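Subject: A structure for you to look at

Hello,

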Amino acid sequence: MPKLKFSSLIPANIERVYEHVTVFPVSGTADQKALEDKYGSLLKRNDNSFIFQENTGARVKWQCAFQPPRLRTMRALDSSWSDRTDEFEPAPGGTVWTITWEPKGRGLA
């Protein structure tokens with residue numbers, strides 16, 4: 001299955017962009033309430049890896065791993081939802097934010 005990818009230059013430093021997008025602080029001291037507000041109910045935590053269950057209708061479970069300020073991965077557990085990786089790279093004039101989706105769905109060949 002092909003990956004879907006796009007990038008954008010954000011006119012802010014990498015730490016600011018990372019924290020805004022992920023709600024995970026570069027300091028590494030996560031605010032559980034802020035994370036749950038964004039990702040859903042926290043089911044499990046191991047260092048900077050978390051498992052959340054969405055509070056929306058789909059109730060998808062996500063394994064989110066944070067590597068501030070460069071990377072966030074979101075893996076849909078027991079679901080056909082696409083996995084997602086967010087990469088952040090400093091660049092002249094700001095930060096390049098690249099999102100890659102890895103579809104799991106099966107469609108026409």
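Below is what turned up, going from the sheet and helices to the core, the rings and a few backbone details.

Please keep in mind that this is a predicted model, in which local features need pLDDT of at least 70 and side-chain atom pairs count only at pLDDT 80 or more, while totals for chains, interfaces and linings use all residues. Residues are numbered from 1 along each chain as its sequence is written, and side-chain values use heavy atoms, with hydrogens and water left out.

The sheet and the helices

Helices (H or I, at least four residues) and strands (E, at least two) are DSSP runs, numbered from the N terminus. Strands of a sheet pair through backbone hydrogen bonds, either parallel or antiparallel. Here, 7 strands make an open sheet with antiparallel pairing, in the order β1-β7-β6-β5-β4-β3-β2; two strands count as paired if DSSP finds at least two bridges between them. The edges are taken by β1 (4-10) and β2, each with a single partner strand, so one side of each has no neighbour in the sheet. From one strand to the next, the twist averages 15°. Axes for such angles are lines fitted to C-alpha atoms, for helices over the stretch in contact, and the angles run from 0 to 180 degrees between N-to-C directions.

Within the sheet, β4 and β5 are joined in the antiparallel sense over 7 bridges. To see one of their bridges, look at K61, whose partner in β5 is L77.

Which strands does α1 lie across? They are β1, β4, β5, β6 (83-91) and β7 (94-102), and α1 runs at about 160° to β6. Helix α2 also packs on the sheet, where it touches β2, β3, β4 and β5, and its direction makes about 50° with that of β3. Contact in these notes means heavy atoms within 4.5 Å.

The nonpolar core

A nonpolar core is a set of buried Ala, Val, Leu, Ile, Met, Phe, Trp, Tyr and Cys residues joined through side-chain atoms within 4.5 Å. Buried means under 20% relative accessible area, exposed over 50%, and partly exposed in between (1.4 Å probe, protein chains only). The largest such core has 18 residues, and F24, L35, Y39, F50, C64 and F66 have the most contacts inside it. Two or more residues each come from α1 (14-22), α2 (32-39), β3 (49-53), β4 (61-67) and β5 (71-77); α1 gives the most, with 4 residues. If you click on C64, you will find that it touches Y39, N48, S49, F50, F52, T73 and M74, leaving aside residues up to four places away in sequence.

The aromatic rings

A pair of aromatic rings is described by the distance of the centres and the angle of the planes. Rings of Phe, Tyr and Trp (its six-membered ring) pair if their centres lie within 6.5 Å; planes under 30 degrees apart count as stacked, over 60 as edge-to-face and the rest as tilted. By this rule there are 10 aromatic pairs. Y39 and F52 are stacked, because their ring centres are 5.2 Å apart and their planes are at 20°. Since Y39 lies in helix α2 and F52 in strand β3, this pair ties together parts that are 13 residues apart in sequence. F50 and F52 are stacked as well, with centres 5.7 Å apart and planes at 10°. F50 is buried at a relative accessible area of 2%, and F52 is buried at 1%. Ring pairs link F24, Y39, F50, F52 and F66 into a cluster.

Y39 has one further feature: the charged end of K38 sits over its ring, 5.9 Å from the centre. This label applies when NZ of Lys or CZ of Arg is within 6 Å of the ring centre and within 35 degrees of the ring normal.

Backbone details

P68 and P69 are joined by a cis peptide bond, with omega about -5°, and P69 is in the loop between β4 and β5. V23, in the loop between α1 and α2, has a positive phi near 65° although it is not a glycine. V23 is partly exposed, with a relative accessible area of 27%. D47 is another non-glycine residue with a positive phi, about 55°. D47 lies in the loop between β2 (41-46) and β3 and counts as exposed, at 61% relative accessibility.

Enjoy exploring!
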